[in-house]
Amino acid sequence: MSKKYRPEGKYQVTSHAAAIIIVLIIFVSVSYYFFLARPDEQVQRIDAMAALDAAEARWRENRPAAFQYVMDRACDCPDVDSRAYTVTEGDGRLSAEFAIPVESSAGILVTAPPRPVGIEDVFTLVERSLRSGKLIEVRYDSEFGYPENVVVSADDRYEIRDFEIAN
């Protein structure tokens, strides 16, 4: 029997090919998680715009002549802007007031928010955010179509609650 002599320090060509194949398998597997599994943000934005359009149409169709609700805003802003207040809308006018007066930064008791936000303002905010490419979380009222809860970011949130039709 004859044995073939193999010099030390040499490797097989198949070892090199196997290492390349393993690296390619790892690369393809990892790239799947970074690129292929991402949800399509454009589709989400289109769906959100369609939901906004449907909600605005429902709001325009079912909007009562006079109504009131509580606007609760959470933001990284002064206390007079982030406290909940009651909004009354009717005859094209919007009025807002705090249930309990709030002390401003100047030490004055304020009974109405300086910059009240109404339902139309929230619709505008949602539309502007979606058109700028920002994905936000919105839940609309099933009966009237107004945005019940809007989360723009972790520090910016709007909630419309206790909606009542006024006499």
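This is a short tour of one predicted model, stop by stop. Local features here need pLDDT of at least 70, side-chain atom pairs count only at pLDDT 80 or more, and totals for chains, interfaces and linings use all residues. Residues are numbered from 1 along each chain as its sequence is written, and side-chain values use heavy atoms, with hydrogens and water left out.

**Stop 1: helix H1**

Select residues 13–36 to bring up helix H1, where Ile22 sits. Helices (H or I, at least four residues) and strands (E, at least two) are DSSP runs, numbered from the N terminus.

**Stop 2: Glu120 and Arg63**

Next, pick Glu120 and Arg63, a salt bridge whose closest N and O atoms are 3.2 Å apart. The two lie 57 residues apart and link distant parts of the chain: Glu120 is in helix H4 (residues 119–131), Arg63 in the loop between helix H2 (41–62) and strand E1 (66–74). A salt bridge here is a side-chain nitrogen of Lys or Arg within 4 Å of a carboxyl oxygen of Asp or Glu, and the count comes to ten.

Glu120 is partly exposed at 27% relative accessibility, as is Arg63 at 36%. The classes are buried under 20% relative accessible area, exposed over 50%, and partly exposed in between (1.4 Å probe, protein chains only).

**Stop 3: Arg73 and Asp156**

Move on to Arg73 and Asp156, whose side chains meet in a salt bridge (3.8 Å, N to O). This pair also links distant parts of the chain, 83 residues apart, with Arg73 in strand E1 and Asp156 in strand E8 (residues 156–165). Asp156 counts as buried, at 18% relative accessibility.

**Stop 4: along H4**

Select Glu127 and Arg131 for another salt bridge, 3.1 Å from N to O. They are four residues apart in helix H4, so about one helical turn separates them. Glu127 is partly exposed at 26%, while Arg131 is exposed at 60%. Then show Glu56, Arg60, Arg63, Glu89 and Glu120 together: salt bridges with shared partners join them into one network.
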